[in-house]
Structures are given as structure tokens and as C-alpha cells.
Amino acid sequence: MQQEQEKRSDSASTQITMNLGEWSMLLLLSLVWGGSFFFVGVAIKELPAMSVVAFRVSLAALVLVAVVHLKGNRLPADPGIWAGFLMMGLINNILPFSCIAWGQQFIESSLAAVLNAATPVFGVVFAHLLTQTEKLTGKRAAGVVCSWCGVAVIMGVDTLAGNRLQVLGQLSVLSAGVLYALAAIYGKRFKALSPLVVSAGMLLSSSVIMVPLAIVVEPVTLSLPSLPTLSALVGLAVISTAFAYLLYFRILATAGATNILLVTFLIPVSATVLGVAFLGESLTRVDFIGMAGIALGLMLIDGRLLKKRAKVTV
């Protein structure tokens with residue numbers, strides 16, 4: 001009975017029309033998540049990648065654990081659940097955050113956001129391969145091909161030009177998308193738990209691994225980072241991680257899972273605006289062509305815009 005209710009709820013969520021408040025929250029979320037690439041772009045100029053990630057997950061974990069207790073919830077005591085949190089933290093925080101931070105040493109934050117927008121493409125492919133209920137349709141398959149053509153256009157120019165470090169940076173950011181897609185599938189096992197509790201447990205587990213690892217692997221400096229770098233680190237952890245999770249689950253509860261996927265289209269826009277305005281970045285014509293290919297592919301995968309156009313035509 002409970003499973004049937006969940007299925008009906010999921011089905012109903014696809015029919016929800018967002019109001020002005022929910023659209024505002026969605027736009028805010030796109031700015032918050034797009035800002036993560038901006039914050040990393042600032043911090044990575046002064047600090048090594050692992051230190052940036054360690055600070056991000058540890059401070060965000062403290063914020064979310066505090067919110068959990070303020071709401072009267074408790075973190076689970078079951079070691080099996082914490083083992084799941086640890087795995088989730090590895091594939092949803094530690095590895096992808098590190099891939100993005102490392103990759104942004106060689107590519108601009110706006111381009112990193114564009115490449116990371118391909119995450120739903122990986123999600124569709126993995127869902128087809130690893131689940132029995134989410135198989136590829138013709139339109140989704142076309143969307144995957146179209147998006148990959150966009151990625152190939154972006155990376156192809158740098159490859160032909162011999163910019164090896166830029167290509168490695170792009171591949172590193174794309175690897176983060178692969179990990180996020182796998183995490184989305186793995187995370188379905190936590191349906192019985194509060195999303196806030198899962199997020200706090202995941203980030204806390206990530207901190208336990210990432211902080212000692214950064215101390216051991218990267219050289220320790222006694223000098224404090226500059227004020228812009230410290231501000232970027234706090235923004236990355238508090239705004240683009242902890243607050244982003246709270247906002248994400250708020251939208252998810254009211255607007256549904258299908259509508260929240262629209263943030264994928266908006267993140268590259270906000271990241272590009274921030275990169276151009278504050279970091280002096282610029283995208284080339286080829287980058288915009290590739291972005292258009294990825295966006296068209298995501299539209300085919302999502303399907304809603306095509307459905308609306310078909311209704312108008314009829």
C-alpha cells in the first residue's frame with residue numbers, strides 16, 4: 001500500500017504547476033549552485049583543491065547537523081546506515097567536489113558549469129543500465145546523443161589545439177557528473193530517512209575522511225588565506241552547499257522532482273554571469289555552440305517543452 005501511494009505521489013508530482021514563489025526559489029537555487037563554481041574559481045587560485053573540498057564539506061556538515069538538532073531530529077545510530085552515508089559521501093561529495101576543484105585549476109568556472117550540466121545525461125544512461133524501471137526512450141536516446149555532441153564540440157577544439165591540461169580539466173569536471181549520476185541512483189536506498197538527515201550524515205562522513213586526508217596529502221601553511229579566499233570558502237560551504245541542500249529539499253517537497261530538474265538549465269547561466277562579471281572570464285563561440293547542444297539534449301531528455309509545443313501546434 002505504501003509503495004502504491006509513493007508511486008501515485010511521484011506521478012502526481014509531474015503534474016504540479018509551480019507558483020511564483022516556487023519559481024523564485026528555483027532561480028535562487030540556480031544562483032546558489034551556479035555560485036559554487038564561482039566560489040571554487042576564487043578559492044582555487046590560492047589554496048590546493050583538497051583543502052578547498054575539506055573546508056567545504058566540514059563547515060557545511062556543522063551547519064546541517066545544527067539544523068537537524070534545531071528541528072528536533074536525530075542522526076541514526078545504525079552502523080549500516082552510516083556505512084551507506086560514507087559511500088554516498090564518497091560518490092556525491094568527496095570525489096566529485098575534488099574533481100571539480102582540480103579541474104577548475106585549468107578551465108574557467110563558467111565552462112565547468114556548462115560541462116557539469118551534462119550530469120542528467122549520465123543519469124539517464126545509468127538508470128537505463130542499472131534499473132528496471134527507467135529505460136531509455138527514443139527521445140531520451142536522441143537527447144543523450146545531442147548532449148554528447150555538444151560536449152564533443154567544446155572539448156574537440158582544445159584537443160586539436162593541444163591544450164592537454166585544459167582537456168584534463170574538462171574530463172575531471174565531466175567525471176564529477178558521472179559520480180553525481182551514480183549517487184542519485186545509490187541515494188534511493190535512503191527513502192525512509194529525512195533528506196535533511198541524509199545530507200547531514202553524508203557531509204559528516206565526508207568530513208571524517210576529507211579533513212585528515214587534506215592535512216596529510218597537502219602541505220600545511222601557517223599563513224591565513226586572504227579575505228576574498230576566506231569569503232569564497234564560507235560562501236561555498238554555507239551558501240552553495242548547506243543552504244543549497246535546504247533549499248533543494250524545500251522545492252522538492254512543494255514543486256516535485258520533475259520541476260526541480262529545471263535547475264539544470266539555469267545553473268550554467270548563473271555561473272557564466274558570475275564568472276564574466278567578477279572573474280573576467282569569457283566563453284568562446286565554440287563553447288556557446290556546445291552549450292546549445294547540451295541544452296537541446298537536456299530538453300529532449302526532459303520532454304516537457306516538446307510536449308507543450310506539440311499541444312500548441314495541435
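Q: Why is Phe85 called buried?
A: Phe85 has 0% relative accessibility, and buried means under 20% relative accessible area, with exposed over 50% and partly exposed in between (1.4 Å probe, protein chains only); Phe85 therefore counts as buried. The model is predicted: local features need pLDDT of at least 70, side-chain atom pairs count only at pLDDT 80 or more, and totals for chains, interfaces and linings use all residues. Residues are numbered from 1 along each chain as its sequence is written, and side-chain values use heavy atoms, leaving out hydrogens and water.

Q: What makes Tyr248 and Phe249 an edge-to-face pair?
A: Their ring centres are 5.1 Å apart, with 80 degrees between the planes. Rings of Phe, Tyr and Trp (its six-membered ring) pair if their centres lie within 6.5 Å; planes under 30 degrees apart count as stacked, over 60 as edge-to-face and the rest as tilted.

Q: Why is Tyr248 called partly exposed?
A: Tyr248 has a relative accessible area of 24%, so it is partly exposed. Phe249, with 23%, is partly exposed as well.

Q: Which residues do ring pairs link into a cluster?
A: The cluster consists of Trp33, Tyr245, Tyr248 and Phe249.

Q: How many aromatic pairs does a search of the whole structure find?
A: The search finds 10 aromatic pairs. For Trp82 and Phe85, the ring centres are 5.2 Å apart and the planes at 85 degrees, so this pair is edge-to-face.

Q: What is the relative accessibility of Trp82, and what does it count as?
A: Trp82 has 23% relative accessibility and therefore counts as partly exposed.
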